Amino acid sequence: MELMNLTIEKVNKLFDEKKLSSVELVEFYLERIAKYNNMLNAILEINPDAIFIARKLDLERKKGKIRSKLHGIPIIIKGNIDTNDKMQTTAGVKALEGNFAKEDAYLVKLLRKAGAVILGKANLTEFANFVSFKMKNGYSTLGGQTKNPYGNFDTGGSSSGSAVAVAADLCLAAIGTETSGSILSPSSSNSCVGLKPTTGSISRSGIIPISYTQDTAGPITRTVKDAYEIFRILSKYDKKDATTYIVKDYNPKYNEIKDYKGMIFGYSENHIKWLEDEKKEVFFEALKKVEKLGGKIIKVKFENLDKINNINVLYYEFKHGINNYLKDKDLEVKTLNDIIKYNYKNPKAIKYGQNILIRSDGTNINDKEYLKSLLNDRKYSRKLGIDKVMDEYNLTALLFPANYGAGIAAKAGYPSITVPTTYINGEPFGLTFTARFLEEEKLFSLAQCYEQSYNVKKLPKIDKIL
């Protein structure tokens, strides 16, 4: 039976027809991991209990107990997400080696409750790309350099392994995390669908943090429908994460549309001026595709980007967040300062340096500069940013090439979804839809319409490329 390029919908059909079991599916992905991971470095660690968990879920199914559409579905999660099992949570960091979490992250609890099989932990750009400005996308000390299965291209980051695992068929779906671009970037770079939800829609409890105000987890999948199914299950209130008060119940289906008639989409030259000519051309071709579906395209202008063109808030929040995460862990390092000292004693742990860690360690979250930056970020990304532009031009959504609009949406805490749009000499490139607070369902409708109208996705020919 051909098991390549499966979706949640296809797998459930095979399960229902008794043509496939969860154990067989897990074994298929383990075989793929054994064959390709030494070339791709997408997986940090395999769950040694995965087959046994799958067997239990198969027995439940035989007895008529089906927890959800994720029942028996193998999922890879990013290596900065806690699991209370035989796997470590290290974020690829040498100083965190041996960190066995005492509790599942809340999103992991929800995945297990839904019947998903946690297959393993994905490699990532170390500490979710908050170590050094010289760090390469997809590199971690513990996991090595993640490779793009489509060729000698950037993997994107920081959820590099999560996206590569989906693209290379090492799992059916994956969970990434994003502070600014870390789901959108690798999803676009590996021809995946990636959702960066509204901050607070998915709990961050049990995730090694960067930012209280920007961090979120989100699904990386092959299709928009698969991303929605996972998002719907993960979007639940968590008393340990104050941001999740916003969550709501999502219907099993969102509104499926066939065209963009009557809709207006905006793009900003501010977010394409750094693109190479070839990528600009590809982006404008994607805009023409939107027009063919009846959408109106207009150029918009963001007036205050200079006021939020910084990562000041992240420096302050990372130190405070990582110190809180480490305080009760059975590790030698208990603070960010301890990690910096550890790295100096173990220079192989900082191949690209640690200038971001050092700068963050010099901050104090009580400083007025932090509050100024925080309030500026909120004001100029929301009310005088995305909200202002969408109101002024009566927009349905904003369109960005790949992850080039990730920064303003991240600071606003607003949702974005990226879908494959083309390949540039074999390199995947995505189109990103961004909307306002809690407008995920609208984004899924828009993204699925594009996906189904222009199904450009190609599978990577790993054996020929690597």
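Mentor: Start at Tyr 315, which has 4% relative accessibility and therefore counts as buried. Keep in mind that this is a predicted model.

Trainee: Which residue's ring pairs with Tyr 315, and how is the pair classed?
Mentor: In general, you describe two aromatic rings by how far apart their centres are and by the angle of their planes. Here the structure holds 19 aromatic pairs. In one of them, Phe 130 and Tyr 315 have ring centres 6.0 Å apart and planes at 50°, so this pair is tilted.

Trainee: Where do the two partners sit in the fold?
Mentor: Phe 130 is in the loop between helix H5 (126-129) and strand E4 (139-140), while Tyr 315 belongs to helix H10 (residues 312-326), so the pair ties together parts 185 residues apart in sequence.

Trainee: Is Phe 130 buried or exposed?
Mentor: Buried, because its relative accessibility is 3% and the cut-off is under 20%.

Trainee: What about Tyr 150 and Tyr 423, how is that pair arranged?
Mentor: Tyr 150 and Tyr 423 make a tilted pair too, at 5.7 Å centre to centre with 40° between the planes. Tyr 150 lies in the loop between strand E5 (144-145) and H6, and Tyr 423 lies in strand E12 (residues 416-424), so this pair ties together parts 273 residues apart in sequence. Both tyrosines, Tyr 150 and Tyr 423, are buried.

Trainee: Which residues form an aromatic cluster?
Mentor: Look for Tyr 228, Phe 231, Tyr 250, Tyr 254 and Phe 444, which form one cluster.

Trainee: You mentioned H6. How many of its residues are buried?
Mentor: Eight of eight, so to speak a mostly covered helix, spanning residues 160-167. Among the buried ones are Ser 160, Gly 161 and Val 164. After H6 comes Asp 169, with a positive phi near 60°.

Trainee: Now zoom out for me. How many helices and strands does the protein chain have?
Mentor: The protein chain has 16 helices and 13 strands. Its radius of gyration is 21 Å, close to the 23 Å that the globule rule gives for 466 residues, so the chain is as compact as a globular protein of that length.

Trainee: What share of the residues is buried?
Mentor: Buried residues are 61% of the 466 in the protein chain. As for contacts with a separation of 6 or more, 75% of them involve residues 24 or more positions apart.

Conventions: Residues numbered from 1 in each chain as written. Predicted model: local features only at pLDDT ≥ 70, side-chain atom pairs only at ≥ 80, totals over all residues. Heavy atoms only, no water. Helix = DSSP H or I, 4+ residues; strand = E, 2+ residues; numbered from the N terminus. Rg over C-alpha atoms; globule rule 2.2 N^0.38 Å. Buried < 20%, exposed > 50% of the residue type's maximum accessible area, 1.4 Å probe, protein only. Contact = heavy atoms within 4.5 Å. Phe/Tyr/Trp six-rings, centres within 6.5 Å; stacked < 30°, edge-to-face > 60°.
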